[in-house]
Structure formats: structure tokens, C-alpha cells
2 protein chains.
Amino acid sequence: MTTLLLAVPIAWAPLWTTPLAEIAPDLKLAVQGRDAFEPAAVDYVLSFRPAPGFLATLPNLKIVFSLGAGVDGFLADADYPKAVPLVRFVDHTLSREMAQYVVMHVLMHHRQQPFFEQAQKDSKWRQTIPPRRTEDTRIGILGLGEIGTLAAERLRDLDFKVAGWSRTKKTVEGVESFAGAGELDAFLMRTDILICLLPLTPDTKGILNKALFAKLPAGAYVINVARGGHQVEGDLIAALVFETEPLPETNPLWKHPKVIVTPHIAAISDPRVAAEYVRDRIARFERGEKLDNVVDFTRGY
Amino acid sequence: MTTLLLAVPIAWAPLWTTPLAEIAPDLKLAVQGRDAFEPAAVDYVLSFRPAPGFLATLPNLKIVFSLGAGVDGFLADADYPKAVPLVRFVDHTLSREMAQYVVMHVLMHHRQQPFFEQAQKDSKWRQTIPPRRTEDTRIGILGLGEIGTLAAERLRDLDFKVAGWSRTKKTVEGVESFAGAGELDAFLMRTDILICLLPLTPDTKGILNKALFAKLPAGAYVINVARGGHQVEGDLIAALVFETEPLPETNPLWKHPKVIVTPHIAAISDPRVAAEYVRDRIARFERGEKLDNVVDFTRGY
């Protein structure tokens, strides 16, 4: 029998085992830290941030599935068995949730929602006009992968001026494409609202730093919905994710009037969809077909 | 010389006269309450809520332009000179601003933004999963005109299940259409988030009342971005606009934990775009061409 080992925090395990049991009844499920299992019997692993060195202890591992789109938790494992393909979870529902989160925060900033929340607290009818027209508001998305592209399209459809920056040139209708280190400055100089959706790799670690912020126009707004590792916290103007998650209660960012903090809520992989995803890919693999969304370890995503 | 009379609060006048002077330099502009003018010399009026009876004092009036999409401020004038066409401001920028506001408030509710704002105030990392999947969240839009249709499309593109209710059946891709009094109950019963974008007419006055709320599923959320007159305030569960604008400081809705209150900010007509709109329609009219967006006084919008 084929065994899938789930390596997640125990409290979260039922969320994943329930749909997996229903959607992939032929798989034998084991939960790391809860169920006994033979390392040699584990065929597949579904995880997010496995303990470093753990995957190397499974001699017959065929595929590692990431629970999320980001795979930095695996790449940080120096002992990751590189011969075993690592498959990212690339799914429309996940991208759509991320795009919703991005659209909501762009609109809350653009439409001065914090100002109106304060007005409501004060019971004051503070009628104003938006400080900048939508057509004149330039959004820049760092990372034009599946998620970045969807967010760009949804913001474009609301009439914002949208551009993206990525490793290679992309073609997205109505979205200006900047590519490579050589075009980063030009991209930043035309960006009023910067959104980070990059994968975390050695190239992108700490990219949201003082030098980058200095190239943005005065008053620019930054939304980091990627990883804490993308930002240098000491250099931060405005941020949504942090180097340390959860953010400690004593961190001054919580109370900064220009900062909006939310937990890791922009998109949580849908366990049911992920269960189907994993089942289908195992079936394809077992039919000898080519795997999709396999991580390129050189590129780092 | 052709005279356009601007009948708006004096403080707001420069916002409109500046682009009008630039965009329509051939028009003679007069501001009611600021400039002297001969009633017989007034050809056109641009206004939002003129004093009842005032328009009837202008014997040579050719067209009345509404500053906004809603014309209830004119229809409330019993002495409105019915022979004079009343032209609504129907413009993509205005519809787009309204759609943005609607999308933002749908997302803030759907994504539990108030919960995360409280968590931020408490410096607590309260990781949660959305209570309802986007695909299972049914949005119902009362009024599928220019604004309602655009809001429906933008919400549909974020994967919500969208339906609209209007006087006559509408065809909007991916949006279910309900029409007429006979289909209102079926529409309400399938609606988790109800958005009111109706024109205010004798038929729609007070439509957001106890009887209507009772037909919505338990826990439904209401966003009224139309007029205060659509809602019966005593019957209100959640509301964004009020019978009395501005909402008095003592009104308990300000402090209700389930209510979000903002001033009249969802969309303000863009004076520059409106100036072009008025100029073009005057030119067309003067060439003897047919006017568009003329209000049907029987229908009431």
C-alpha cells in the first residue's frame, strides 16, 4: 500500500487528513509525531516546513509535496534529498485568495479606509475626496508568477496603472512588464503602491530594504504578502509580514500608526483542493507521466 | 453666449468651475448664490440637489445635468419643469469608484478584516481560516444598471457567486439575473451579502426593511451604497448610508459593533470628466442630436 506521510503541526493534521481520506482512499495516511510509521515505507510526504534533516531519513521517498506555493521552508533544509522532486502547490483557489487579500489592502489604502474608521470612531462625517485618482495610481508587483499575475489582472480591471517586475519578461494584457536587475530601478521609480509576491530565494532575501525604499516615490505604500525574509525589518516603512512569525507582542510594528499587521491569512491552502491535487499528481506519477510545478533547485522556486 | 448655472454648495463650486472653464471655455459660467445672473439667460443647469422650485424659475432652461448618477434630489422637486430633460451623469470613472468601494467592503467582510484589526490592536497573532469559501459566498446586487453590473463583474472575477435583481432581466456573463417583484424572494433567499445599488424611486423607497431582511439567510450582511431613503433605519441590521446625512453624532449606529459607517465617499463625480460630459452633451444637443442618459420620469431614473 502507498503511504503518504503528513508532516504538519499535530493540531492542524485533521484539517488535512479528513479530505485526504475521502479524496484519496487508497492512500495509507500517517501523521508525523502522532502515528507510528516505518521510514522505508513512506512513499510521499505532504508538508510545509519539515524539520531540517527529516526528509533525508526516508530512503524510499518518491515526491515531496509542499502545502503552499512558497517552498523556502524546504530549501532551508541543507539535507533535502535533491533527487526527490519537490512539488509546489499551485492552484487557482490559493492564487485567488492571495489576489483578494492584495486587492483589499490596495483599496483600503487607496480609499483611505483607516481615516474613515477613525471618523467613525469619532462619530464624525468627514467627507473628503480621494487624494489621488485611480488612473494616476501606479501599482508595482514584485513577482509576476501565478499569484502576481492574477493580482495584477484584478487591479488592472479596477483601472489602476499596473506594472510587474520579474526575472524574465512577462506578457500580461494591460500590465507593463519590467525584468531583471537592470530594470528594477525604473520599475520602483514609477510605483506608488509596491506589492511583494516574490519567492524567497538567495536572490530575493532582504530585497525590501532601505536602498529599495529610497527609490520609491515619496509617500509610497508597501504591501509584503510574500515572506518575512524578503524584508529587512529595521528598514521597514510599512509591512504586513515579519521576519519573525508570529510577531512578538512587544514588537513596535504592532502599534505603529502607519502599519497594518495581520497573521498568515492572505491565503491558506484549501485542504480539499490540495487533497485532489496530491491524489492526481500521484496518479500521474504512477502512470509514468511528467510532473508539473516541480521546483527548480537552481532557480530556487 | 450660452450660460451654464452651477447650483451646488458654494464651498464646492471651484472644484467644478475650474475644469469647466478649461474644458468648455465657450460657456458662460455662473454660480448660484455667488454670481448675479438673469434667470432668462440660463440655458443649462448643473446641480445635485437644487432647492425645490428653483429650476421652475428659469424660463429658458434647455437641459438639467445631474452631478451624480442618482437623480432623486431632482425628482423630489414637485415643481421640476418636466418639459426640460434631466440628464444623469453616467460615466465609467464614477461606476468604477462605486465598484471599488463595493469590492473593498465585500472583501473586508468576507476576509474578517475587523477581527484582524482587533487582533492588531491587541498585538495578537490570531491565525484563522475564513469561515466560508469564496465559491460558496453568494452576493446579491439590488440594481443591475451601469454601476451594479460593473460591481457584479468585478466580484464575479474574484470567484464570488454573484446574482443581480432588477426591474427587467439582464444578461451579464457569469451573473444570475432575477427580475421583478415575483423573483425578489428567491433572490434574497440565496444572498449572503446584499448590496443595494438601486435608484431611489417611489417603488424602491424603504425596500431595505424588516420584511426584506427576514428573507435573507441568517448572518447575511447588507451594504447599502445607494440612498438613505432605501432603508428603514429602525429596521436596519447593518448599513453604510443613512436616512439623515450627515448622520448625527448621537445616532447609535456610529457605535454599533456590527456597523461600518462612512460618509458619502463611495464615488464622487470627477469634475474634469463631468465637465467633458456636459460640454459634449451640450454640443450634441446644439447639433440637434439625441441626448443619452435622459431620465424617464415615469420610471423615476
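Colleague: Which residue just after helix 3 of chain A takes a positive phi?
Modeller: This is a predicted model, where local features need pLDDT of at least 70, side-chain atom pairs count only at pLDDT 80 or more, and totals for chains, interfaces and linings use all residues. Residues are numbered from 1 along each chain as written, chains are lettered from A and ligands numbered from 1 in the order written, and side-chain values use heavy atoms, without hydrogens or water. Helices (H or I, at least four residues) and strands (E, at least two) are DSSP runs numbered from the N terminus. Just past helix 3 of chain A, the residue with a positive phi, about 55°, is Q112(A).

Colleague: Where is Q112(A) found, and is it buried or partly exposed?
Modeller: Q112(A) sits in the loop between helix 3 and helix 4 (113–121) of chain A. Buried means under 20% relative accessible area, exposed over 50%, and partly exposed in between, with a 1.4 Å probe and protein chains only. At 22% relative accessibility, Q112(A) counts as partly exposed.

Colleague: How many of the 19 residues of helix 3 of chain A are buried?
Modeller: That helix covers residues 92–110 and reaches 26 Å from its first C-alpha to its last, close to the expected 27 Å. The expected span is 1.5 Å times one less than the number of residues. Helix 3 of chain A is largely enclosed by the rest of the structure, because the buried residues number 17 of the 19.

Colleague: Which side chain makes a polar contact with the side chain of Q100(B)?
Modeller: Q100(B) belongs to helix 3 (residues 92–110) of chain B, and it is buried at 0% relative accessible area. It touches several residues of chain A, including L107(A), H110(A) and F160(A), where contact means heavy atoms within 4.5 Å. A polar contact is a pair of N or O atoms within 3.5 Å; within protein, one must be able to donate a hydrogen and the other to accept it, and residues adjacent in sequence count only if both atoms are side-chain atoms. At 3.3 Å, the partner is R111(A).

Colleague: How many salt bridges does the structure hold over all chains?
Modeller: Side chains of opposite charge can pair when their charged atoms come close. A salt bridge is a side-chain nitrogen of Lys or Arg within 4 Å of a carboxyl oxygen of Asp or Glu. Over all chains, the total is 36.

Colleague: What is the N to O distance between D157(A) and R154(A)?
Modeller: Both lie in helix 5 (residues 146–157) of chain A, three residues apart, about one turn. D157(A) is buried at 19% relative accessibility, and R154(A) is buried too, at 14%. Their salt bridge has an N to O distance of 3.0 Å.

Colleague: How many residues apart in sequence are the parts that K62(B) and D43(B) tie together?
Modeller: Their side chains meet in a salt bridge of 2.5 Å, N to O. K62(B) lies in the loop between strand 3 (44–47) and strand 4 (63–66) of chain B, and D43(B) in the loop between strand 2 (28–31) and strand 3, so the parts they tie together are apart in sequence by 19 residues.

Notes: Lists of a residue's contacts leave out its neighbours within four places in sequence.
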